[in-house]
Amino acid sequence: MQQIARVIIHPEDPNQVYVAALGHPYGPNETRGVYKTNDGGETWDKVLYIDQKTGATQVEFDPSDPNIVFASLWDHREGPWENAAFSGPNSGLYRSKDGGSSWTPLTNGLPDASDGLGRIGIGIAPSNPQIIYATVDAKVRGGIYKSEDGGASWKLINTDYRLWGR
């Protein structure tokens, strides 16, 4: 599987684990996406997958409800000839409200493929999980975003490249 970006364990059921798999960085491969196990790692299901070029960089539980799961996907490839310049059209932020069985893209207010969307990182406020901050790498409209409704909509709050740039 090569690169694992994040592992999270259900707060009440240690047999339930999610993995954000970036996959092999130098070429297309089937190992990218979000995986879940319900039996402590004996078996794994790929629960969020776009294509061979799009890997998962983050997966997080909503602190108030572990059935709500967020995942960041990044359509990206590394190579010495590319200088980390390739980001494809399938990057995005997703939310599942049913423990990873189905996923919805979160797009309201965030940059998209036409803006050169790249990697997204999120932080959920433990004191109020309706508040989520995101670092959004995009050629246009990149910056720090804030959601006050659990990720349904987003507002750009800071464009200082030093805060969000790779």
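Select Lys 46 and Tyr 49 to begin: Lys 46 lies over the face of Tyr 49, at 4.0 Å from the ring centre, where a charge sits over a ring if NZ of Lys or CZ of Arg is within 6 Å of the ring centre and within 35 degrees of the ring normal. This is a predicted model, in which local features need pLDDT of at least 70 and side-chain atom pairs count only at pLDDT 80 or more, while totals for chains, interfaces and linings use all residues. Residues are numbered from 1 along each chain as its sequence is written, and side-chain values use heavy atoms, with hydrogens and water left out.

**The whole chain**

Read along the sequence, the pattern is β-β-β-β-β-β-β-β-β-β-β-β-α. The radius of gyration is 15 Å, close to the 15 Å that the globule rule gives for 166 residues, so the chain is as compact as a globular protein of that length; the radius is taken over C-alpha atoms, and the rule is 2.2 Å times the number of residues to the power 0.38. Along its principal axes the C-alpha trace spans about 40 × 40 × 25 Å.

If you colour by accessibility, buried residues make up 47% of the 166 residues, with buried meaning under 20% relative accessible area, exposed over 50%, and partly exposed in between (1.4 Å probe, protein chains only). Of the contacts with a separation of 6 or more, 39% are accounted for by residues 24 or more positions apart, a contact being heavy atoms within 4.5 Å.

**Sheet E1 to E4**

Select strands E1 to E4, which make an open sheet of four strands in the order E1-E2-E3-E4, with antiparallel pairing; two strands pair if DSSP finds at least two bridges between them. Strand E1 (3–9) and strand E4 (45–48) stand at the edges with a single partner strand each, so one side of each is left without a neighbour in the sheet. Neighbouring strands of this sheet are turned by 30° against each other on average, direction ignored; the axes are lines fitted to C-alpha atoms, for helices over the stretch in contact, and angles run from 0 to 180 degrees between N-to-C directions. Within the sheet, strand E3 (residues 33–37) is joined to E4 by three bridges, the two running antiparallel, and Lys 36 stands opposite Asp 45 in E4.

Move on to strand E7 (residues 92–96), where five of its five residues are buried. Both faces are covered, with Gly 92, Tyr 94 and Ser 96 on one side and Leu 93 and Arg 95 on the other. In a regular strand the side chains alternate between the two faces of the sheet. Strand E6 (residues 65–75) runs antiparallel to E7 and is joined to E7 by five bridges, with Ser 72 opposite Leu 93. E7 and E8 also run antiparallel, joined by three bridges, and here Leu 93 stands opposite Leu 106.

Select Thr 104 in strand E8 (residues 104–106), which is partly exposed at a relative accessible area of 43%. Leaving aside neighbours within four places in sequence, Thr 104 is in contact with Leu 93, Tyr 94 and Arg 95. Phe 70 is 34 residues from Thr 104 in sequence and 9.5 Å away in space, C-alpha to C-alpha.

**Sheet E9 to E12**

Strands E9 to E12 form an open sheet of four strands in the order E9-E10-E11-E12, with antiparallel pairing. The edge strands, E9 (117–124) and E12 (155–158), each pair on one side only.

**Aromatic pairs**

Finish with the rings: a search of the whole structure finds two aromatic pairs. Rings of Phe, Tyr and Trp (its six-membered ring) pair if their centres lie within 6.5 Å, and planes under 30 degrees apart count as stacked, over 60 as edge-to-face and the rest as tilted. Tyr 18 and Phe 61 are edge-to-face, 5.5 Å centre to centre with 85° between the planes. This pair links distant parts of the chain, Tyr 18 in strand E2 (residues 17–23) and Phe 61 in strand E5 (residues 54–62), 43 residues apart. Tyr 18 is buried at 0% relative accessibility, and Phe 61 is buried at 13%. The rings of Tyr 161 and Trp 164 have their centres 4.8 Å apart and their planes at 80°, so this pair is edge-to-face.
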